[in-house]
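We will go from aromatic rings to a pair of packed helices.

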Amino acid sequence: MSEGVSSLGFLRKIDSSDVLLIIAVLLLAWLLASAVRWVLRRVAENMRPSLRLSILRVVPLARLFVGLTAMMVIVPIVVEPSFQSVVALLASVGLALAFALKEYVSSLVAGVVTILENTYQPGDWIEIDGIYGEVRIIGVRAVHIVTAEDNEVIVPHYQFWSKKISNATSGSHSVLCVADFYLDADHDGAAVWRRLEEVGASSARRKPETKVSVVAQEKPWGTHYKLKAYVKESREQFDFVTDLTIQGKEALRAMKVRFAQAPYAPAGAKHA
């Protein structure tokens, strides 16, 4: 043990009393951090909501302060108080931090590249790794995306080195919306095509002077129609799709068109 310690020049030899002191400091720090967390949470529960959240945000900061204070007490016990020891310790800590924060540094670099290349900007609707939402904040380390369910997702920039990014707006206020219709194969396709185009063109949420298109594809169970149109404001895209779907279904019912009844298997069912 002493040979291993002596090979690290900045460490001093410690005896059993030093070990007991270190354990005591760590135990005291753990008890103090737990007490601070308990007290702050109890205080927060008795405050109004706005103050409660502010107090709860102090909890991790207080625990971090307690931990750093404990480290400041422990370091002089195990480190020789000399200039060379301090330099060696700082070098070791710096190397450990560089290794631990390599992804953080990668995120910073990727954030700079993202801003310079203008890959996306606040207000754009993007999809990355299955997450689709509006870009609210482009930070130095991460991008904040708010989904249609009003959930804020924070994605570190370094993920963009290997992930595909789909930008639905690219700086525009409009976005292409698609409403799907599944019909029985036995129907007048040309009439359905014209009627769905009329539904899209008559919507008040459609961006003026943009084209409405209908795409049809035959399936084993019927015909799949896609009604495509651009919405005025990207934030209204889900309301627009709902409007197109409801109005389209009503128009198709008036035409006496039957909707497809695709067979399905219950979840967990086994094939014979």
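The aromatic pairs in this predicted model come to a count of 3, where rings of Phe, Tyr and Trp (its six-membered ring) pair if their centres lie within 6.5 Å. Select Trp-125 and Tyr-132 to see one of them: the centres are 5.5 Å apart, the planes make an angle of 40°, and the pair is tilted (planes under 30 degrees apart count as stacked, over 60 as edge-to-face and the rest as tilted). Colour by accessibility, and Trp-125 is buried at 5% relative accessible area, whereas Tyr-132 is partly exposed at 26% (buried means under 20%, exposed over 50%, partly exposed in between, with a 1.4 Å probe and protein chains only).

The model is predicted, so local features need pLDDT of at least 70, side-chain atom pairs count only at pLDDT 80 or more, and totals for chains, interfaces and linings use all residues. Residues are numbered from 1 along each chain as its sequence is written, and side-chain values use heavy atoms, leaving out hydrogens and water.

Next, show helix 6 (residues 189–202) and helix 7 (residues 237–254), whose axes lie 10 Å apart at an angle of about 140° (axes are lines fitted to C-alpha atoms over the stretch in contact, with angles from 0 to 180 degrees between N-to-C directions; helices are DSSP runs of H or I, at least four residues, numbered from the N terminus). To see where they touch, pick Val-192, Arg-195, Leu-196, Val-199 and Gly-200 in helix 6, which meet Leu-244, Gln-247, Gly-248, Ala-251 and Leu-252 in helix 7 (contact means heavy atoms within 4.5 Å).

Definitions and conventions: Helix = DSSP H or I, 4+ residues; strand = E, 2+ residues; numbered from the N terminus.
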